Amino acid sequence: MTDLAKLLAAKAAIKEIGNARRIGLGTGSTARHFVQLLGEAVAQGFECISVATSIETEQQAKSLNIVLKDLDEVEELDLVVDGADELDADLNLIKGGGGALLREKIVASKAKRMIVIADKSKMVEHLGEFPLPIEINRFAFATTTNQIKNSMRELNYNGELKLRQTENNEPFITDGGHYIIDAFFSRILDANRLSSALLNIAGVVQHGLFLNMCDLALIADDNNVTRYEK
Ligand code: 5RP
């Protein structure tokens, strides 16, 4: 999928802003287009305040003179615009391919509306082909990994678990200082059950299943953007 589709999805999200003035900024290559376009709007006089979902997005927004606030400083956000690694027909998502899932989920939880922008390769019949990112505490991470493995077995999944690594073969560290385990499910059958099981493990900080959070998905190919609304 080309970058053009991502850009078209981001342009469509700009049109969704309407009266929103408190805007959450997602992370990743698609969200990056949205932040760039928002920055261009700000340069032309559009006034808003934003909350970033990662250090990377924060730096981009700052470079574009977008006014940034901490999430704690705002009562709520009018909307958040973010990318996704997979989304199904019910607008349930897998996120965290870029490692920002924890802040992304916290920010989305305080937004009245979550808009997902993606190219159409992200739309799937069943979640799970994309490995599910699971953010875990660094303390005793092997213990947590084993507990995730056991929990997966109990739910009849036998996929692999991989500690995410950087290009230098060092563990990837999230903005929150945690590790990420990528869990290979192939196909997630009951996302709610899996979500609860994972959150029940003491060392699991959060996972990349975003269930019943997305209100609108703007899915693009190189020519058109299709709206999927809840
Ligand atoms: C980062 C994310 C991203 O939104 C997701 O990985 C999609 O990224 P991209 O737009 O680059 O495909 O969840 O944690």
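**Labels and their cut-offs**

Guide: Let us start with helix α6 (residues 191-199), whose buried residues are Ala191, Leu194, Ser195, Ala197 and Leu198. Helices here are DSSP runs of H or I with at least four residues, strands are runs of E with at least two, and both are numbered from the N terminus. This is a predicted model, in which local features need pLDDT of at least 70, side-chain atom pairs count only at pLDDT 80 or more, and totals for chains, interfaces and linings use all residues. Residues are numbered from 1 along each chain as its sequence is written, and side-chain values use heavy atoms, without hydrogens and water.

Visitor: What do the buried residues of α6 pack against?

Guide: They pack against β8 (132-136), α5 (141-154), β11 (204-207) and β12 (209-210). Contact means heavy atoms within 4.5 Å.

Visitor: Why is Glu16 called buried?

Guide: The relative accessible area of Glu16 is 17%. Buried means under 20%, exposed over 50%, and partly exposed in between (1.4 Å probe, protein chains only). So Glu16 is buried. Glu16 is in the loop between α1 and β1 (22-25). Leaving out residues up to four places away in sequence, Glu16 touches Leu79, Arg113, Ile115, Leu216, Leu218 and Arg227. Glu16 and Leu216 are 200 residues apart in sequence, yet their C-alpha atoms are 9.8 Å apart.

Visitor: What makes His178 count as buried?

Guide: His178 has a relative accessible area of 13%, so His178 is buried. His178 is in the loop between β9 and β10. Neighbours within four places aside, its contacts include Leu102, Glu135 and Phe172.

Visitor: Why does Asn169 count as exposed?

Guide: Asn169 has 59% relative accessibility, so Asn169 counts as exposed. Asn169 lies in the loop between β9 (161-163) and β10 (179-183). Asn169 has a positive phi of about 60°, although it is not a glycine.

Visitor: What makes Asn212 exposed?

Guide: Its relative accessible area is 58%, so Asn212 is exposed. Asn212 is in the loop between β12 and β13 (216-220). Asn212 is not a glycine, but has a positive phi of about 55°.

Visitor: Why are α2 and α3 called roughly parallel?

Guide: Helix α2 (residues 29-43) and helix α3 (residues 55-63) pack at about 25°, with axes 9 Å apart. Axes are lines fitted to C-alpha atoms, for helices over the stretch in contact, and angles run from 0 to 180 degrees between N-to-C directions. Under 35 degrees is roughly parallel, over 145 roughly antiparallel, 65 to 115 roughly perpendicular, and the rest oblique. Therefore α2 and α3 are roughly parallel to each other.

Visitor: What makes α1 oblique to α2?

Guide: The axes of helix α1 (residues 3-15) and α2 come within 8 Å and cross at roughly 50°. That angle makes α1 oblique to α2. The contact of α1 with α2 has seven nonpolar, three polar and three charged residues. Nonpolar means Ala, Val, Leu, Ile, Met, Phe, Trp, Tyr, Cys and Pro, charged means Asp, Glu, Lys and Arg, and the others, Gly among them, are polar.
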